[in-house]
Amino acid sequence: MKTTHASSLEDAAVQLAKATGAEPAEIRQRLYAELRARNANRGLGYLSYAGILPLDLPEGTRIVVLPDIHVPAHDKLAMWAIKAFLKDYQPHILIFIGDVADVFALSRWARPPRVVANQQAELDETRRLVDSLIKVSNCLHVFYIMGNHEDRMLRYLTDPAAGLANIVDFSTREPILNFHGLMGYKPGDPVTFIYDMAERGGFGGAILINGDLELHHGHIVRPHPGVSPRADADESGRSTATGHTHRVGMTVRQTTNGELRAVELGHLVDVRHPFVAYANLSNNWHPAIGAGKVVGGKVHLQPLPIKQVLVNGRPKMALTFAGKVYRTPDR
Ligand SMILES: [Fe+2]
């Protein structure tokens with residue numbers, strides 16, 4: 001069912017109810033009761049959230065999760081395939097699971113010689129790409145979980161100027177250097193940025209959908225695909241979906257505490273880009289996205305690997321879902 005783009009979290013609740021045939025009042029209450037309670041002392045309403053956000057989504061809600069894009073070091077060919085998929089799948093909820101922006105200009109790692117970096121240009125390009133993905137997906141609401149790369153900005157400031165880093169804006173009570181503000185989003189925009197309890201990006205902020213699946217950027221790194229989120233799920237005792245490792249894998253198992261699912265969602269980086277000089281073939285990285293649906297109260301989320309294919313001798317990126325192929329167009 002086609003829906004129009006929601007302009008606020010409240011609109012999103014009403015439209016989600018319509019799209020899934022659920023009761024609007026109940027969905028609205030579910031969608032932002034927690035946000036309201038926990039953000040009561042903040043001026044920006046639903047634009048940002050600190051901690052683990054419990055989110056109850058109705059039966060039939062379609063969800064797409066986009067892992068580590070690392071703009072401007074993202075894979076442009078893969079983006080075409082993803083946009084074709086989003087246009088067709090029309091997720092109700094779009095989730096960015098961290099490291100959307102590389103924030104290379106503020107990296108503390110040794111910079112390769114002759115590589116030029118401009119933080120404002122990086123932010124501008126990130127905003128443009130995020131907006132284009134939101135638009136093509138026609139989603140009702142976006143959750144942007146902060147990654148460790150987004151946190152580079154605060155870390156950069158904290159080191160030489162900790163006294164400035166903890167100053168908050170008088171009217172909004174937000175830190176003066178906050179990522180959502182620098183991206184140019186405002187209260188009322190259909191996007192919520194998820195930070196950890198200390199207002200940092202990286203590892204603590206999460207969304208817990210239907211008490212069943214926790215999505216966070218990721219903090220455990222194991223060398224083999226599927227093992228990092230599995231260790232994460234063992235630690236938290238609940239099913240988990242993560243980015244961060246850039247690997248793709250999934251495990252589903254029964255434990256004495258019930259079913260535990262662990263989904264590792266890959267990355268969307270152009271591994272030849274000079275900003276990701278640390279990429280190499282032994283990393284076990286693979287491009288992918290996550291797609292799923294709420295069925296029986298649970299989020300059935302699966303990783304969709306994006307593979308390089310040759311069409312008439314030209315490289316394209318392609319993903320398949322529900323028997324359909326989505327790939328870079330011919331031009
Ligand atoms: Fe990453």
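## Iron site, salt bridges and nonpolar cores

The iron ion is held by four protein donors, Asp68 (OD), His70 (NE2), Asp99 (OD) and His246 (NE2), at 2.1 to 2.3 Å. Donors are N, O and S atoms within 2.8 Å of the metal (3.2 Å for Na, K and Ca), and sites may look incomplete because water is not among the atoms. The model is predicted: local features need pLDDT of at least 70 and side-chain atom pairs count only at pLDDT 80 or more, while totals for chains, interfaces and linings use all residues. Residues are numbered from 1 along each chain as its sequence is written, and side-chain values use heavy atoms, with hydrogens and water left out.

**The metal site**

The angles subtended by the four donor atoms around the iron ion run from 86 to 175°, so the arrangement is irregular. Four donors count as tetrahedral if all angles lie between 85 and 135 degrees; four count as square planar and six as octahedral if opposite donors are over 155 degrees apart and all others between 65 and 115; anything else is irregular.

Along the sequence, the donor residues follow the spacing D-x1-H-x28-D-x146-H. Helices (H or I, at least four residues) and strands (E, at least two) are DSSP runs, numbered from the N terminus. Asp68 is buried, at 0% relative accessible area, and His246 is also buried, at 3%. Buried means under 20% relative accessible area, exposed over 50%, and partly exposed in between (1.4 Å probe, protein chains only).

**Salt bridges**

Side chains of opposite charge can pair when their charged atoms come close. A salt bridge is a side-chain nitrogen of Lys or Arg within 4 Å of a carboxyl oxygen of Asp or Glu, and the count comes to 13. The table lists some of them.

| Salt bridge | Closest N and O atoms |
|---|---|
| Lys324 and Asp88 | 2.9 Å |
| Asp131 and Arg127 | 2.7 Å |
| Asp151 and Arg155 | 3.3 Å |

Because Lys324 lies in strand β16 (residues 324-327) and Asp88 in helix α3, this pair ties together parts that are 236 residues apart in sequence. Lys324 is partly exposed at 43% relative accessibility, and Asp88 is partly exposed at 38%.

Asp131 and Arg127, by contrast, both belong to helix α4 (residues 119-137) and are four residues apart, about one turn of the helix. Asp131 is partly exposed, at 28%, as is Arg127, at 23%.

Elsewhere, salt bridges that share partners join Asp212, Glu259, Arg261 and Lys298 into one network.

**Nonpolar cores**

A nonpolar core is a set of buried Ala, Val, Leu, Ile, Met, Phe, Trp, Tyr and Cys residues joined through side-chain atoms within 4.5 Å. The largest one has 42 residues, of which Leu66, Ile69, Ile82, Phe85, Phe96, Tyr144 and Phe179 touch the most other members. Elements giving two or more residues to this core include β3, α3, α4 and β5 (141-145). Helix α3 supplies the largest share, six residues.

Not counting residues up to four places away in sequence, the contacts (heavy atoms within 4.5 Å) of Phe179 include Leu123, Tyr144, Met153 and Phe193. A second, separate core of 28 residues includes Tyr49, Ile93, Ile207 and Leu265.
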